[in-house]
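Please look at the sequence and the model first, then read on.

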Amino acid sequence: PAKPGDKPLSITSAGPTELARQEGAPALVQRVREEGRPLIDFADRPNTHRVFMAAPIVLKNAVVGATYAEFSTLQMDEALESLRQASRTRRLLTGLAIVVAINLFLYFKVHRPVKRLLTAVESVSRGTMTSVAPVEEQDELGELAGTFNDMVRKIREATHDNAQLTE
């Protein structure tokens, strides 16, 4: 039987893994024996895709050995990267949908009414007093179009009245 302070016999098994190696075992097992508590080493995980774990084996309040295991995180890391990519794509598509929605709103609620009003203004400036700006909604642009139509109507009436006076 092992006595406290004896150097343990390191018996390890990599199990069914693609990377059957136990590089971190001696140092991690030694630290577990010295500290008397379980340790997990994943400092180099981004490069190795491996997690190293060791735990003390305690018998009658004395550390008599340690267990050691290595786990491959490659599949989990690949799945997490796939989820991150899907999340980035989802955020990009959401942002794109928001931009398209804002552009459609601006086009239908601002650009088209302003363009129609501008067409009517240009027509009146060329002397066509029959132009009417369509009032589609009761907002600021609709109010502006209505005021423009009233102004054109008043100009048309004043022009008609002046023509009758000069006859």
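## The chain as a whole

The model is predicted. Its protein chain holds 4 helices and 3 strands, and from the N terminus on these elements follow the order α-β-α-β-β-α-α.

Of the 167 residues in the chain, 19% count as buried. The chain exposes about 12,600 Å², and carbon and sulfur atoms supply 60% of that area. Among contacts with a separation of 6 or more, 41% are made by residues 24 or more positions apart.

## Helix α3

Helix α3 consists of 52 residues. From its first C-alpha to its last it reaches 73 Å, close to the 76 Å expected at 1.5 Å a residue. At tyrosine 107 the helix bends by about 40°.

The buried residues of α3 are Asp77, Ser87, Pro113, Leu117, Ala120, Ser123 and Val124. Their cover includes α2 (45-48) and α4. Just after α3 comes glycine 127, with a positive phi of about 105°.

## Serine 131, between α3 and α4

Serine 131 is found in the loop between α3 (74-125) and α4 (140-165). Is this residue buried or exposed? Serine 131 is buried, because its relative accessible area is 11% and buried means under 20%.

Leaving aside residues up to four places away in sequence, serine 131 touches Ala120, Ser123, Val124 and Val152. Ala120, Ser123 and Val124 are among the buried residues of α3. The side chains of serine 131 and serine 123 are also joined by a polar contact of 2.4 Å.

## Arginine 37, between α1 and β1

Arginine 37 sits in the loop between α1 (25-35) and β1 (39-41). Its relative accessibility is 44%, so arginine 37 counts as partly exposed.

When residues up to four places away in sequence are not counted, arginine 37 touches Val32 and Pro56. Arginine 37 and valine 63 are 26 residues apart in sequence, and their C-alpha atoms are 9.4 Å apart in space.

The side chains of arginine 37 and glutamate 35 meet in a salt bridge, with 2.9 Å from N to O. Glutamate 35 is partly exposed, at 37% relative accessibility. Arg31, Glu35 and Arg37 are linked in a network of salt bridges.

## Other salt bridges

Side chains of opposite charge can pair when their charged atoms come close. A search of the whole structure finds 9 salt bridges. One of them joins glutamate 81 and arginine 88, whose closest N and O atoms are 3.1 Å apart. Glutamate 81 is partly exposed, with a relative accessible area of 37%, and arginine 88 is partly exposed at 36%.

In another salt bridge, the side chains of glutamate 157 and arginine 153 meet at 3.2 Å, N to O. How many residues apart are glutamate 157 and arginine 153 in helix α4? They are 4 residues apart, so about one helical turn separates them. An α-helix has 3.6 residues a turn, so residues three or four places apart point the same way. Glutamate 157 is partly exposed, with a relative accessible area of 41%, and arginine 153 is partly exposed at 33%.

Note on methods:
Residues numbered from 1 in each chain as written. Predicted model: local features only at pLDDT ≥ 70, side-chain atom pairs only at ≥ 80, totals over all residues. Heavy atoms only, no water. Helix = DSSP H or I, 4+ residues; strand = E, 2+ residues; numbered from the N terminus. Buried < 20%, exposed > 50% of the residue type's maximum accessible area, 1.4 Å probe, protein only. Polar contact = N/O pair within 3.5 Å; in protein donor to acceptor, adjacent residues only side chain to side chain. Contact = heavy atoms within 4.5 Å. Areas by Shrake-Rupley, 256 points an atom, 1.4 Å probe, with all protein chains shown as cover. Expected span 1.5 Å × (residues − 1). Bend = angle between axes of the 7 residues up to and from the residue. Salt bridge = Lys/Arg side-chain N within 4 Å of Asp/Glu carboxyl O.
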